[in-house]
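Colleague: I have just opened this entry and would like to know what stands behind the words used for it. Could you take me through some of them?

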Amino acid sequence: LEKELSPLVQRQLELLSEKGASSWLTSLPLKEYGFLLNKQEFQDAISLRYNLTLSSLNRPKLCVCGAPSTINHCLTCKLGGYISLRHDSLKCTIAKLIEQVCKDTVLEPSLIPVTTEQLQRGTDVSDGARLDVSTRGFWTPLDRA
């Protein structure tokens, strides 16, 4: 029966069958840990899980980049999608954890301008370059990491 399904549905079944894939459905709704979904978030999560169409209520038809606002596009667009939201959420979580053991933790501090240093290819050397998280005492006392 499985071989008669499309590759997309086969992949979806594979992902739904992975260990822990349904754990969010049985977790306690604890707001303190971010486990509380409102009605819209729950409906969106179910739609994403079962590859259903998301309701268009309160949703833009186009992404800020001009492409149609599909689920796949929203999850992969670097301009208007959820990549930056996921990145910022992880950055803030890491910063909160680091603050518990280190001093002077700062989110997105500006970097010192690059003058003659030779850095790896792909390094952002523009004047507006920023670090995600910076702290003192991570590796050695008083040193900034």
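Modeller: Gladly; we will go through some labels and set the values against the rules behind them. Please keep in mind that this is a predicted model.

Colleague: Let's begin with threonine 105. Why is threonine 105 called buried?

Modeller: Buried means under 20% relative accessible area. Threonine 105 has 18% relative accessibility, so the label applies. You will find threonine 105 in strand 1, residues 103-107.

Colleague: What does threonine 105 touch?

Modeller: Leaving out residues up to four places away in sequence, threonine 105 touches Ala95, Ile98, Glu99, Val133, Ser134 and Thr135.

Colleague: And what makes the pair of threonine 105 and threonine 135 a polar contact?

Modeller: The limit for such a pair of N or O atoms is 3.5 Å. The side chains of threonine 105 and threonine 135 are joined at 3.0 Å, so the distance is within the limit.

Colleague: On to the cysteines. How many disulfides does the whole structure hold?

Modeller: A search finds zero. Cysteine 63 has its nearest cysteine sulfur, that of cysteine 65, 3.7 Å away. A disulfide needs the two sulfur atoms within 2.5 Å, so cysteine 63 is in none.

Colleague: Why are glutamate 14 and arginine 11 said to be about one helical turn apart?

Modeller: Because they are three residues apart in helix 1. Both are partly exposed: glutamate 14 has 46% relative accessibility, and arginine 11 has 41%.

Colleague: What makes lysine 91 and glutamate 108 a salt bridge?

Modeller: Their side chains meet at 2.5 Å, N to O, so the pair falls within the 4 Å limit. Lysine 91 lies in helix 5 (residues 83-99) and glutamate 108 in the loop between strand 1 and strand 2 (133-136), so the bridge ties together parts that are 17 residues apart in sequence.

Colleague: Are lysine 91 and glutamate 108 buried or partly exposed?

Modeller: One of each. Lysine 91 has 9% relative accessibility and counts as buried, whereas glutamate 108, at 31%, counts as partly exposed. They also belong to a network of salt bridges that links Asp88, Lys91 and Glu108.

Colleague: Which parts of the chain does the salt bridge of aspartate 104 and arginine 144 link?

Modeller: The closest N and O atoms of aspartate 104 and arginine 144 are 2.3 Å apart. This pair links distant parts of the chain, with aspartate 104 in strand 1 and arginine 144 in the segment after strand 2, 40 residues apart. Aspartate 104 is partly exposed at 40%, and so is arginine 144 at 39%.

Colleague: Now helix 3. Which of its residues are buried?

Modeller: In helix 3 (residues 39-49), these are Asp44, Ala45, Ser47 and Arg49. Their cover includes helix 1 and helix 2 (23-26).

Colleague: How do you know that asparagine 38 caps helix 3?

Modeller: A side-chain oxygen of asparagine 38 lies 3.0 Å from the backbone nitrogen of glutamine 40, at the N-terminal end of the helix. After helix 3 comes asparagine 51, with a positive phi near 55°.

Colleague: Which residues make the nonpolar surface patch?

Modeller: Leu5, Leu8, Val9 and Leu13 make a patch of about 310 Å². A patch residue needs over 30% relative accessible area; valine 9, in helix 1 (residues 7-16), has 31%, so it passes.

How values were computed:
Residues numbered from 1 in each chain as written. Predicted model: local features only at pLDDT ≥ 70, side-chain atom pairs only at ≥ 80, totals over all residues. Heavy atoms only, no water. Helix = DSSP H or I, 4+ residues; strand = E, 2+ residues; numbered from the N terminus. Buried < 20%, exposed > 50% of the residue type's maximum accessible area, 1.4 Å probe, protein only. Polar contact = N/O pair within 3.5 Å; in protein donor to acceptor, adjacent residues only side chain to side chain. Contact = heavy atoms within 4.5 Å. Patch = residues over 30% accessible without salt bridge, like charges linked within 9 Å, V, L, I, M, F, W, Y side chains within 5 Å. Areas by Shrake-Rupley, 256 points an atom, 1.4 Å probe, with all protein chains shown as cover.
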